[in-house]
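Visitor: I'd like to go through this one with you. Can we start with how the chains sit together?

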2 protein chains.
Amino acid sequence: MQCVKVVFLPDGKSIEVGAGISILEAAKKVGITLESVCGGKGTCGKCRIIVEAGAGNLNKITKEELNLVKIGKFSQELLDRGYRLACMTKIEKITDTDERIVVTVPIESRLGAQKILVEGLEKELKFNPLIKKYFVELPQPTLSDPKPDLERILEGLKANNVDFVETDYKIFRELPEVLRKGNWNCTVTIWNDKEIISIESGDTSKRKYGLAVDIGTTTVVGYLIDLNDGKLVSVGSILNPQIPYGEDVVTRITYCIQNEDGLERINRAIIDGLNKIIDEACSKANVKKEEIYEITIVGNTAMHHLFLKLNPKFLALSPFTPVLRRGVDVKARELGLKTNPNANVHVLPVIAGFVGADTVGVILSTDIYKESEMTLATDIGTNGEIMLGNKDYIEVCSTAAGPAFEGAHLKHGMRGEPGAIEKVSIKPDTLEVEYSTIDNLPPKGICGSGIVDAVAQMFLAGVVLRNGNINPAIESPRIRRNQNMLEFVLVWENETEKGIGDIVITQRDIREIQLAKAALYSGAKILMKRRQVEEKNIDRVYLAGAFGTYIDKLSAKVIGLYPDIPLSKVKSVGNAAGMGAKQALISREKREDAEAIARNTRYLELTIAPEFNDEFISAMYFPHAKIDRFPSLRKKCEELPGWSEILKS
Amino acid sequence: MQCVKVVFLPDGKSIEVGAGISILEAAKKVGITLESVCGGKGTCGKCRIIVEAGAGNLNKITKEELNLVKIGKFSQELLDRGYRLACMTKIEKITDTDERIVVTVPIESRLGAQKILVEGLEKELKFNPLIKKYFVELPQPTLSDPKPDLERILEGLKANNVDFVETDYKIFRELPEVLRKGNWNCTVTIWNDKEIISIESGDTSKRKYGLAVDIGTTTVVGYLIDLNDGKLVSVGSILNPQIPYGEDVVTRITYCIQNEDGLERINRAIIDGLNKIIDEACSKANVKKEEIYEITIVGNTAMHHLFLKLNPKFLALSPFTPVLRRGVDVKARELGLKTNPNANVHVLPVIAGFVGADTVGVILSTDIYKESEMTLATDIGTNGEIMLGNKDYIEVCSTAAGPAFEGAHLKHGMRGEPGAIEKVSIKPDTLEVEYSTIDNLPPKGICGSGIVDAVAQMFLAGVVLRNGNINPAIESPRIRRNQNMLEFVLVWENETEKGIGDIVITQRDIREIQLAKAALYSGAKILMKRRQVEEKNIDRVYLAGAFGTYIDKLSAKVIGLYPDIPLSKVKSVGNAAGMGAKQALISREKREDAEAIARNTRYLELTIAPEFNDEFISAMYFPHAKIDRFPSLRKKCEELPGWSEILKS
């Protein structure tokens with residue numbers, strides 16, 4: 001039988017298959033699992049792939065695909081860009097065995113693709129990117145005008161009112177050919193009004209892109225931005241490939257300290273990961289990698305150091321000093337990033353050892369530093385940072401709040417992937433549980449927003465007491481003892497995905513949540529005390545990050561995750577850190593503001609605040625040991641079982 | 001028998017030898033030939049080596065060595081620095097067979113080492129290098145002052161009145177360890193008052209060096225300069241390792257055009273060569289390579305392009321446009337130079353396709369551009385550049401004059417190496433020849449200064465007529481016909497080095513010299529015409545380059561190499577190009593002047609000057625077709641045989 005090779009990008013895996021085989025089947029054979037809720041019937045529209053080459057060997061667009069366009073589950077625009085459904089796309093006739101079929105599997109089509117937050121609050125700003133392109137037409141040299149190529153270009157730029165600029169010496173090498181190929185017409189890319197970083201043949205002035213990157217401890221997202229108008233053209237994202245070296249920052253830093261080539265490896269991992277993001281974002285939007293002329297980066301201070309290959313050792317040792325605070329500009333080629341080699345990589349400044357460029361990004365994109373409203377903001381990723389302030393000044397502290405809310409350290413915790421329980425309600429009388437999962441798949445575990453809901457609902461149903469103990473007095477099959485620890489059955493085995501068993505929340509899980517929420521609450525409260533503001537003086541609360549976006553604000557308040565501020569003032573601001581990177585990419589003024597934010601934001605080291613211990617302990621209660629801290633919840637609390645005992649304690 | 005290993009640097013060759021063997025013998029065994037005029041008797045003092053390690057296995061300093069110090073052929077200072085004579089230095093007792101003996105063979109001790117010009121005219125200048133070092137003592141960070149490391153340093157610099165500076169991101173990586181190792185005392189190196197390029201533990205403020213490099217087509221010289229006082233501390237030099245790719249620039253450019261990886265290879269060759277020079281200069285002066293913080297480079301435009309890995313193709317095609325004119329600053333690490341990786345490499349600007357940074361160096365170091373004296377200067381290397389001007393402006397042209405004066409294309413031509421005939425006189429009556437050779441060795445050939453002397457003397461003796469013909473009418477065994485071409489026997493076989501045979505000057509050799517000198521003379525004369533100056537208006541003539549330094553000024557005038565200007569006004573200025581590199585290294589003002597020189601010097605393309613052909617043809621005569629151009633020689637000429645015939649022609 002005649003066979004043809006199918007190559008899958010960006011994985012690079014390939015397989016020889018014969019006629020009649022679908023791309024979905026071919027993918028499965030090489031170990032790439034595509035989303036396919038309908039099981040390959042062409043009705044869910046999830047298994048999208050992009051045909052890059054070899055379409056001649058494939059069948060034409062099917063009725064099923066066109067039908068999905070009709071009902072809005074697929075679109076003509078995508079079809080025009082080469083998208084198809086892997087289950088419906090088949091090897092039809094093999095006319096030329098040498099012609100390879102190349103398909104790209106976009107991240108959204110991969111099974112288990114994580115819900116990664118890509119959008120954020122959009123504030124107005126002055127569009128003023130640091131990348132500018134100039135098309136210049138030059139006179140040809142002659143024996144009486146043998147001016148050197150570069151000086152010829154500089155004269156051409158002068159006619160465009162561009163005065164003295166420096167040049168990246170890397171552009172010189174190909175310059176003679178570039179100019180002659182374009183018949184002395186060329187396009188000059190200038191960074192920051194001061195350095196020529198690219199010279200291209202002909203008129204390419206409309207092709208300029210930038211990449212804004214948010215390096216999270218767990219997820220990394222890159223936003224490809226058109227630098228003509230600041231619009232998002234595509235997104236690439238991955239799980240942070242440093243995870244194998246440690247789930248949290250301290251483990252990764254320890255890895256660097258304990259292994260001679262640790263920093264080298266862990267840096268290589270993130271650089272390789274970013275190159276995958278660049279591939280993905282570029283191939284989705286049909287942009288050449290060389291057309292990316294600038295990259296902005298945010299991330300916590302550890303991610304910042306590991307990305308720049310800076311020794312992170314002293315971030316983990318008191319007094320936790322970073323190597324540097326201010327923003328860094330460095331050539332993409334020096335870091336190994338596969339964009340235009342002369343692209344500038346701008347790493348935003350950090351505030352302190354535990355408060356990084358991601359926090360600068362949050363403050364930057366939410367305009368807290370510009371507005372008079374007193375704002376309390378938290379960004380909960382793997383770490384939790386808390387900011388309080390306004391245009392006068394901002395104070396910030398950091399807490400190790402995160403892992404529990406990302407599903408780590410919980411018996412059935414998981415990330416926000418398909419099958420994760422994300423909403424929970426419990427009927428107080430019957431303890432019957434209602435829930436929903438991401439993509440409505442059979443439940444596999446609980447993600448951050450699900451656990452907050454579940455704990456709040458268990459508390460309101462009396463299953464959990466104010467001190468966090470599961471109430472042993474309640475008689476219900478859902479409350480049981482397992483290996484000498486109480487647990488609450490959230491979902492029975494018959495409803496869960498095969499092999500998972502009962503999904504439970506254990507006593508230890510609740511302790512994890514108590515520690516995390518107590519850290520966030522007490523951090524906020526200590527900042528408020530220092531600022532001498534009370535709940536009523538807070539004009540708004542911003543919840544940033546994926547967790548802040550998806551949690552139920554009321555549930556979060558019920559467990560006492562943030563102070564008792566009216567829900568109307570609480571707003572999710574999405575991936576505000578990533579938006580900060582984007583703003584710094586498209587606005588010179590914002591980039592300058594970021595430096596001022598890093599310099600002026602006051603860092604509070606919680607561990608040396610004298611009131612921290614007391615605050616932390618009382619915040620372990622639901623919602624708090626001092627119930628008058630939560631007047632809006634007081635009535636609800638008083639109805640709870642065990643209330644009178646707690647008051648006595 | 002017990003053996004010990006002897007390692008020879010910079011070659012890296014090694015050999016196991018037993019007691020009683022001298023270093024000279026060991027060197028011979030591994031194929032390293034040392035200068036040893038006395039044959040190993042310890043009387044000539046030539047076979048110097050530097051003992052780097054393993055001195056314990058060697059004999060003590062001998063009477064012979066001390067005696068040479070007495071008579072001035074060796075010095076106590078050198079002995080103190082580890083120098084010894086290879087012939088007198090012996091393996092005495094082998095106490096530890098693991099301890100290796102490491103010796104460096106300096107270039108001057110190698111047999112056949114070329115006479116490479118390293119010194120030049122020294123003009124006064126303001127000592128103001130771009131490299132500065134600051135020793136700063138910093139307070140240790142605490143939990144209440146956890147300022148990042150870099151910001152801590154910047155504050156320390158402020159106390160030294162150093163304000164905002166940029167930082168090379170490469171310094172960040174090791175910064176935390178550097179600061180803590182030095183107990184928060186460190187030394188900061190700043191380039192150009194604007195960028196931190198190195199931070200070192202403790203106080204290293206007195207250790208700062210720079211390297212000034214002259215990349216000639218044939219020879220490459222590096223001057224290691226102490227940036228505390230601008231003094232020369234050592235010199236490293238090599239033959240240009242690009243020579244295998246072509247003796248002249250056009251052949252090397254052609255190699256780049258015809259071979260896909262040609263530019264890559266030819267660039268690699270010069271970079272590797274420079275790294276050898278760095279090794280040599282550093283090991284001689286006991287300087288660490290990391291202590292070199294800046295490098296300045298001069299060279300002709302082709303050498304400039306090949307060093308920077310710029311496409312040289314269009315230098316060889318009309319209208320001969322370089323890629324760029326202005327000076328280039330680039331990090332040593334980006335070029336592959338093994339100094340401090342963050343050292344700045346400053347490549348001086350070029351003037352035109354055939355007038356490079358070496359010419360800028362000549363103008364710079366001789367102060368022609370500053371002074372009111374009308375100066376005619378020529379720099380004769382493989383190419384010959386001619387400059388005319390003063391502080392008002394300077395005009396320059398280029399001629400392909402060089403190869404003959406470097407001994408190329410002549411039957412017995414050779415470079416200025418030991419055994420080369422460098423001085424010649426011929427008795428007109430007997431045609432008896434007196435000569436001297438470099439290092440007084442038996443003659444092997446004729447170098448540039450020798451050939452100018454020889455031709456001038458042959459002309460004055462009537463052996464050569466004014467039109468350059470060897471006079472067939474003279475009867476002498478020295479004038480003979482060989483394969484239908486006349487030749488003059490300069491040295492008979494019995495006096496020459498074995499295997500060389502008679503050393504002759506052929507009719508074709510004289511034609512080569514005529515072409516070369518005619519090019520130089522007519523270039524100078526055309527510049528003078530354009531400037532409307534005559535010989536009497538020229539205040540001085542500078543002869544730059546090795547050839548310009550070693551030639552006999554009168555002989556040069558007799559053959560008509562430069563216009564008839566009194567010898568009292570003619571001065572050799574040594575390696576003025578290299579001196580220009582040195583000045584740009586130690587003086588910011590000079591570096592700025594270099595840019596102005598490159599911008600303002602007017603380039604004259606001789607081939608499009610209408611008078612060039614006529615001038616060139618008449619300049620083929622000795623000293624010139626129009627004898628009134630050389631009034632000072634007129635009387636001598638009139639005495640010459642064949643004079644009356646020539647006047648008729």
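Guide: What follows is about chain A, chain B and the interface of the two. This is a predicted model, where local features need pLDDT of at least 70, side-chain atom pairs count only at pLDDT 80 or more, and totals for chains, interfaces and linings use all residues. Residues are numbered from 1 along each chain as its sequence is written, chains are lettered from A in the order in which they are written, and side-chain values use heavy atoms, with hydrogens and water left out.

Visitor: What rotation superposes chain A on chain B?

Guide: One of 180°, with 0.0 Å of shift along its axis and an RMSD of 0.4 Å (least squares on C-alpha atoms of residues with pLDDT of at least 70 in both copies). The two copies are therefore related as by a two-fold rotation axis.

Visitor: Which C-alpha of chain A is nearest the axis?

Guide: That of A:Glu334, 4.5 Å from the axis.

Visitor: How many residues are in contact?

Guide: 46 of chain A with 46 of chain B, contact meaning heavy atoms within 4.5 Å. Of the contact residues of chain A, 100% recur in chain B.

Visitor: New topic. How many salt bridges?

Guide: Six between chain A and chain B (a side-chain nitrogen of Lys or Arg within 4 Å of a carboxyl oxygen of Asp or Glu). One salt bridge joins A:Lys313 to B:Glu177, with the closest N and O atoms 3.8 Å apart.

Visitor: And how do the residues on chain A's side divide?

Guide: Into 25 nonpolar, four polar and 17 charged; Asp, Glu, Lys and Arg count as charged, Ala, Val, Leu, Ile, Met, Phe, Trp, Tyr, Cys and Pro as nonpolar, and the others, Gly among them, as polar.
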